[in-house]
Amino acid sequence: MNINKTVNATELTVALEGRLDTATAPALEAELNQSLAGITKLVLDFSALEYLSSAGLRVLLSAQKAMNKQGEMIVKNVNETISEIFEVTGFCDVLTIE
Amino acid sequence: MKELTLAATVENIQAVTDFVNEQLETVDCPLKAQMQVDIAIDELFGNIAHYAYAPSTGDATVRVEIEENPLAVTLTFTDCGTPYNPLTQADPDVTLCAEERQAGGLGIFMVKKTMDEMKYEYNDSKNILTIRKILN
């Protein structure tokens with residue numbers, strides 16, 4: 001998985017490419033842990049993300065909890081497979097999906 | 001029927017995924033079904049890698065069987081680790097808000113929801129977990 005970050009003042013966009021799974025989720029978690037200070041808007045761009053597993057959901061949940069305290073988090077460009085995962089797990093109500 | 005035996009490690013999830021995808025690519029498997037199978041591999045082989053032999057390590061075997069009419073794939077995961085039936089795990093409450101949610105418990109739940117069959121048996125000192133997915 002590739003992680004591409006773009007910072008614009010207090011807005012951070014993180015574009016993911018590939019698969020967010022057991023092997024790759026720790027890299028995203030580490031990246032977010034060191035990048036969220038001072039950020040009020042986190043945008044996760046999934047346009048090049050193929051799918052995610054529960055390891056990815058765990059990272060999304062902890063990012064959402066962090067951003068609830070300091071601003072907002074938006075997930076965008078979700079494909080059909082990922083959209084169904086969000087539906088089945090109730091993450092469609094936990095996350096803001098555009 | 002094809003079978004792969006390798007060390008149950010997180011690093012080997014990719015090798016298992018490639019092995020299964022190679023078989024799925026020999027038939028007309030829709031991409032979405034393939035991705036759901038790949039997610040199931042991540043959850044199930046990942047669980048074996050994390051828990052079956054902890055704190056030691058060991059091998060796991062993944063068997064792939066493809067049937068026609070209907071087109072379906074059956075994956076069997078076998079390990080000789082601690083007996084554990086993931087089907088006895090309670091389903092997570094998927095209606096909770098972010099703050100109330102705990103990490104974890106979602107993997108097996110997702111597999112149950114996306115596969116057509118899932119069964120577990122403990123036989124001959126082995127955990128044998130089978131999933132079946134109809135592909136079209």
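**Helix H2 of chain B**

Guide: The axes of H2(B) and H3(B) come within 9 Å and cross at roughly 145°. Axes here are lines fitted to C-alpha atoms over the stretch in contact, with angles from 0 to 180 degrees between N-to-C directions. The crossing is left-handed (the near helix is turned anticlockwise from the far one by less than a right angle). Helices are DSSP runs of H or I, at least four residues, numbered from the N terminus.

This is a predicted model: local features need pLDDT of at least 70, side-chain atom pairs count only at pLDDT 80 or more, and totals for chains, interfaces and linings use all residues. Residues are numbered from 1 along each chain as its sequence is written, and chains are lettered from A and ligands numbered from 1 in the order written.

From H2(B), B:Gln36, B:Ile39, B:Ala40, B:Glu43, B:Leu44 and B:Asn47 meet B:Gly107, B:Ile108, B:Met110, B:Val111 and B:Thr114 of H3(B). Contact means C-beta atoms, placed from the backbone, within 7 Å.

Beyond four places in sequence, B:Ile48 contacts B:Ala8, B:Ala60, B:Phe77, B:Asp79 and B:Gly81.

Now the partner chain. 23 residues of chain B are in contact with 21 residues of chain A. H2(B) gives the most to chain B's side, with eight residues.

Terms used. Contact = placed C-beta atoms within 7 Å. Helix = DSSP H or I, 4+ residues; strand = E, 2+ residues; numbered from the N terminus.
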